[in-house]
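Take a look at the fold, then read on.

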Protein chains: 2
Amino acid sequence: MRPKIYLFGDSITEESFRDGGWGASLANLFSRTVDVVLRGYSGYNSRWALKVLDRVFPEAESGGSDGASPPPLAVTVFFGANDACLPDRYAAFQHVPVDEYKQNLHSIVSSLKKRWPKTLILLITPPPIDEDERLRHPYAENPSGLPERTNEAAGAFAKACVETAGECGIPVVDLWTRMQQDPDWRKAYLRDGLHLTQDGNKVVFEEVVKKLNVGGLSLEKLTVDLPLLADIDHGDPLKAFQ
Amino acid sequence: MRPKIYLFGDSITEESFRDGGWGASLANLFSRTVDVVLRGYSGYNSRWALKVLDRVFPEAESGGSDGASPPPLAVTVFFGANDACLPDRYAAFQHVPVDEYKQNLHSIVSSLKKRWPKTLILLITPPPIDEDERLRHPYAENPSGLPERTNEAAGAFAKACVETAGECGIPVVDLWTRMQQDPDWRKAYLRDGLHLTQDGNKVVFEEVVKKLNVGGLSLEKLTVDLPLLADIDHGDPLKAFQ
């Protein structure tokens, strides 16, 4: 039975199987070794994520006492972009205070770690925000003329996410910082000031793969499902399947 | 627990999570409803597929007596492109006679149907072949100057696949015929005379979705996993998660 990697997050996870998406790229990389399982919930913040955690990862499919499924190899936990909505703008209903965000991440990580001590839990910070583009692509009527998210607020949540990873002793992709290392980050990586372009997806894919590799999850170390064509004897192909 | 759709096939399935791939597009379409599970094995023909069937779909993850997993909603079975390698060319070790191909498909379908009587089994024929491109993109040394596959042979396997579907009373995507309805099919749909371009992947995606819809598997009828953002009360978001 193939092992699994779960992608748990908000819309940036839910849409990660679009063309060039980071989830699809992971599934393609691990096409013969790992099932990449999509658990993205558009609009969700860490508070809602914590509420639904036991439904996202039910015992029956997660190495429960029946032993039907082994623990997943890894879980990416990618929240914060919605928590960072400002509390006095149109998306305030998604806002979560940064201290609670940090506590929610701690709760999610410790719950997953308790169930699966050996599973690699990988945090990903929210991406940076292009406020001008957010004004051009609002998700609701926005007569205020003010963006519902700011890059500064997203940065505070990214910092809290990085701190949480340090406190939990788990890896983190600091996407907020990584993307802004490119002077052209707004146009290169963001489609609407928040969601990712194909190049933005590529950054997530590459950074996640680096962290998986450091955690021992690389193609070289994973078991290939059934013989590769290159290992099949042309003179006696069926020998490979005995 | 989310239901599954398995994609079982050869390299055209294995690489279906590349950019614009038909597998990734299915996973994206069903991002909140179904797990699309990749079981593509590059180079495999129907003979090898039959040999490994019980390992690809082990009892433990397939609605076995422990009841851990419900039966999948659908399985796509997409072989024939390798069976259709000619028996006197360099890829002869992959060749399977067309009568055996048909029998192998029958065996695969009846095995899956026996285990999961209500699961939609969907056959997909091999695509057409552009012989000139196959000569330009050989997979091995080919001093003969003759392609290892011909479109005529692929057509015979496609016909056998369509017949098998009819005999089994299950749906089929006749990709060989469908693609050639476009006069520009060689360049539009094939990357190397055999594997699919992004437009070719789009054809597979659209045709598979049509057949799934006819079989009752459409977004409208599937259960969404956890509340959609649009259904969350802005005044009391947590109500949706009780």
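Of the 242 residues of chain A, 57% count as buried, meaning under 20% relative accessible area with a 1.4 Å probe and protein chains only. This is a predicted model, in which local features need pLDDT of at least 70, side-chain atom pairs count only at pLDDT 80 or more, and totals for chains, interfaces and linings use all residues. Residues are numbered from 1 along each chain as its sequence is written, chains are lettered from A and ligands numbered from 1 in the order in which they are written, and side-chain values use heavy atoms, leaving out hydrogens and water.

Chain A holds 9 helices and 5 strands, where helices are DSSP runs of H or I with at least four residues and strands are runs of E with at least two. Along the sequence they come in the order β-α-α-β-α-β-α-β-α-α-β-α-α-α. Chain A is as compact as a globular protein of its length, because its radius of gyration of 19 Å is close to the 18 Å that the globule rule gives for 242 residues. That radius is taken over C-alpha atoms, and the rule is 2.2 Å times the number of residues to the power 0.38.

| Property | Value |
|---|---|
| C-alpha box of chain A along the principal axes | roughly 70 × 40 × 30 Å |

Now to chain B: B:Ser31 sits in the loop between helix 2 (22-29) and strand 2 (35-40). B:Ser31 counts as buried because its relative accessibility is 8%.

Technical notes. Buried means under 20% relative accessible area, exposed over 50%, partly exposed in between (1.4 Å probe, protein chains only).
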